[in-house]
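These entries record what I looked up, one topic at a time.

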Amino acid sequence: MAGYEVVPLHAFSDNYIWTIRDAGHAAVVDPGDAQPVLDYLAREKLTLVAILNTHHHADHVGGNAALLARAPVPVYGPRDERIPEVTERLGDGQRFVLPHFNIEMEALEIPGHTRSHIAFHGGGMLFCGDTLFAVGCGRLFEGTPRQMHDSLSRLMRLPDGTRVYCGHEYTLSNIRFAKAADPNNAALQELEEKARKQRDQNLPTLPSTIGQEKATNPFVRVGEPAVIASANRFAGKALNDPVSVLAAIREWKNSF
Ligand SMILES: [Zn+2]
């Protein structure tokens, strides 16, 4: 059994600050706001040992400076000067050991939502920020459909049991769209029931798993006939490659 657990801290309306913790220490992923982290550390009497950042958006890095003012810890993040607090800038495939927890982590460059977005993979976990969501993917603010497709495909090659910790609680609204894009998908119906119960009790629907995403996420199911047919309907023409299908359903979802 792992000697740590992963706890979601809530920030803003639907962000999660994933916190790896044991009895005395904690590392946080994407602290967009310092206050929930400071409150939690104080309440649980934990010492912060590291910060991980997946991408430069303020709702993921906005708490860095205030946390570092209390505890100068290493900050692992992408090679992007837009996050000035990062002390360990990681390129694709670069590995490091998470301080105190001794979890070997690997950085994966997964552009699409932003051009320098990375994920952290290790210990059977994936922290993927705003690139992969349960039953969805991030908006293409700086990247192309091809980049997003390549990034998602890469994540789908991780082991099916990998636990997927996303940056936001979007699952139910993503399912609403996915039912339109991938009708008659039984796995999707099943997941909706489960997620609805979780949200009714104010529980997170996360982590997901890579296996669950393969079964339910239309943005990784762009080779499935049902998803292709929906994309064709939206585009008003026959799309004949997965990147065009992803581009069409991403555009469709933006206005859904
Ligand atoms: Zn973002």
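**Entry 1: H5 and H6.** In this predicted model, I looked up how helix H5 packs with helix H6 (residues 186-200), and I found an angle of about 155° with the axes 10 Å apart. H5 is therefore roughly antiparallel to H6, because angles over 145 degrees are counted in that way. I noted that the crossing of H5 and H6 is left-handed.

I then listed the residues that meet. From H5 these are Thr171, Leu172, Ile175, Ala178 and Lys179, and from H6 they are Leu188, Gln189, Leu191, Glu192, Ala195, Arg196 and Arg199. Sorted by class, this contact of H5 with H6 holds six nonpolar, two polar and four charged residues.

**Entry 2: H5 and H9.** I next took H5 (residues 171-181) together with helix H9 (residues 242-254). Their axes come within 11 Å and cross at roughly 130°. The two helices H5 and H9 are therefore oblique to each other. The crossing of H5 and H9 is right-handed, whereas that of H5 and H6 is left-handed.

Which residues of H5 meet H9? I found Asn174, Phe177, Ala180 and Ala181 on the side of H5, and Ile249, Trp252 and Lys253 on the side of H9. By class, the contact of H5 with H9 has five nonpolar residues, one polar residue and one charged residue.

**Entry 3: a cis peptide bond.** I checked the bond that joins Leu206 and Pro207 and recorded it as a cis peptide bond, with omega at about 0°. Pro207 belongs to the loop between H6 and strand S14 (208-209).

**Entry 4: Phe12.** I looked up the backbone of Phe12, which is not a glycine and yet has a positive phi of about 50°. Phe12 is found in the loop between strand S1 (5-11) and strand S2 (15-21).

Is Phe12 buried or exposed? Its relative accessibility is 51%, so Phe12 counts as exposed, because the class of exposed residues begins over 50%. Leaving out residues up to four places away in sequence, Phe12 touches Gly32, Asp33 and Asp59. I also compared the position of Phe12 with that of Thr162: the two are 150 residues apart in sequence, and their C-alpha atoms are 27 Å apart in space.

**Entry 5: Asn102.** I located Asn102 in the loop between strand S7 (95-98) and strand S8 (103-109). With 63% relative accessibility, Asn102 counts as exposed.

**Entry 6: Val61.** I placed Val61 in helix H2 (residues 58-61). Val61 has a relative accessible area of 10% and is therefore buried, because buried means under 20%.

What does Val61 contact, once its neighbours within four places in sequence are left aside? The residues are Pro31, Gly32, Asn53, His55, His56 and Ile83. I also noted Val29, which is 32 residues from Val61 in sequence and 9.1 Å from it in space, C-alpha to C-alpha.

**Entry 7: Arg89.** I found Arg89 in strand S6 (residues 88-90). Its relative accessibility is 23%, so Arg89 counts as partly exposed. Between Arg89 and Gly77 there are 5.3 Å in space, C-alpha to C-alpha, and the two are 12 residues apart in sequence.

Gly77 is also one of the residues that Arg89 touches.

**Entry 8: the whole chain.** I finished with the protein chain, whose secondary structure comes to nine helices and 14 strands. Taken along the principal axes, its C-alpha atoms fill a box of roughly 55 × 40 × 30 Å.

Why does the radius of gyration of the protein chain agree with a compact globule? With 256 residues, such a globule would have a radius near 18 Å, and the protein chain has 18 Å, so the two agree. I also recorded that buried residues make up 54% of the 256 residues. Of the contacts with a separation of 6 or more, 57% are between residues 24 or more positions apart.

Terms used:
Residues are numbered from 1 along each chain as its sequence is written. This is a predicted model: local features need pLDDT of at least 70, side-chain atom pairs count only at pLDDT 80 or more; totals for chains, interfaces and linings use all residues. Side-chain values use heavy atoms; hydrogens and water are left out. Axes are lines fitted to C-alpha atoms, for helices over the stretch in contact, and angles run from 0 to 180 degrees between N-to-C directions. Helices (H or I, at least four residues) and strands (E, at least two) are DSSP runs, numbered from the N terminus. Angles under 35 degrees count as roughly parallel, over 145 as roughly antiparallel, 65 to 115 as roughly perpendicular and the rest as oblique. A crossing is left-handed if the near helix is turned anticlockwise from the far one by less than a right angle, and right-handed if clockwise. Contact means heavy atoms within 4.5 Å. Ala, Val, Leu, Ile, Met, Phe, Trp, Tyr, Cys and Pro count as nonpolar, Asp, Glu, Lys and Arg as charged, and the others, Gly among them, as polar. The radius of gyration is taken over C-alpha atoms; the globule rule is 2.2 Å times the number of residues to the power 0.38. Buried means under 20% relative accessible area, exposed over 50%, partly exposed in between (1.4 Å probe, protein chains only).
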